[in-house]
Structure formats: structure tokens, C-alpha cells
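Hi everyone, thanks for making time.

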Amino acid sequence: MHLGGATGDVLYRFKRGFKKTEPLDILTGKKIRNETIYNLLVDYNSSRGAIEDLGYFPLYRG
């Protein structure tokens, strides 16, 4: 879940206040919890031509 906070903006400075060292670790999860539904979404958006970036995760939003 990305809750904002790009380098330099107010939210980033607020979040940085919780940790005094640099850089802040940004962790992303890439586990597919329901592969059947994930594949349905990928197939649906692929058939509509809605997937432009094949390297994006989740792919159905690419």
C-alpha cells in the first residue's frame, strides 16, 4: 500500500521524523494472494488492450 511521501514533500518529511537515519527503506509487496482472480483481471485488461507496461506490478494495472 503506497500512502504517499515522495522525497522532499511534507508527508515525506513527516514520515522521516519517525526514523532518524537515511535513506528511508521503501518496501513493496509483490505476493499474489488469489492467483485465479489475478489472472482473470490480467486476461480481461489484456483483451481490452489496457495493459501498456508489461513490467508493472500488478500487471492488470499496467
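Is N45 buried or exposed? N45 has a relative accessible area of 10%, and the cut-off for buried is under 20%, so N45 counts as buried. Keep in mind that this is a predicted model.

Where does N45 sit? You'll find N45 in helix α2. And what does N45 touch, if we leave aside its neighbours within four places in sequence? N45 is in contact with A50, I51 and Y60.

The buried residues of α2 are Y38, V42 and N45. They cover an arc of only 75° around the axis, which puts them on the same side of α2. Here's the general idea behind that: an α-helix has 3.6 residues a turn, so residues three or four places apart point the same way.

What about the face of α2 turned away from that buried side? That face carries the exposed residues T36, L40, D43 and S47.

A quick check on α2 itself. The helix runs over residues 35–47, which is 13 residues. At 1.5 Å a residue, α2 should span 18 Å, and its end C-alpha atoms are 18 Å apart, so the two agree.

The peptide bond from F57 to P58 is cis, with omega near 0°.

Let's hop over to the other helix. Helix α1 covers residues 10–16, and F14 lies in it. Is F14 buried or exposed? F14 has 53% relative accessibility, so F14 counts as exposed.

Finally, let's zoom out to the whole protein. How many helices and strands does the protein have? There are 2 helices and 0 strands. Of the 62 residues in the protein, 15% are buried. The protein exposes about 5600 Å², and carbon and sulfur atoms supply 55% of that. As for contacts between residues at least 6 apart in sequence, 11% of them join residues at least 24 apart.

That's my tour. Happy to go back to any part of the picture.

How values were computed. Residues are numbered from 1 along each chain as its sequence is written. This is a predicted model: local features need pLDDT of at least 70, side-chain atom pairs count only at pLDDT 80 or more; totals for chains, interfaces and linings use all residues. Side-chain values use heavy atoms; hydrogens and water are left out. Helices (H or I, at least four residues) and strands (E, at least two) are DSSP runs, numbered from the N terminus. Buried means under 20% relative accessible area, exposed over 50%, partly exposed in between (1.4 Å probe, protein chains only). Contact means heavy atoms within 4.5 Å. Accessible areas come from the Shrake-Rupley method with a 1.4 Å probe; for residues, only the protein chains shown count as cover. The expected span of a helix is 1.5 Å times one less than its number of residues. The arc is that of the directions from the helix axis to the C-beta atoms.
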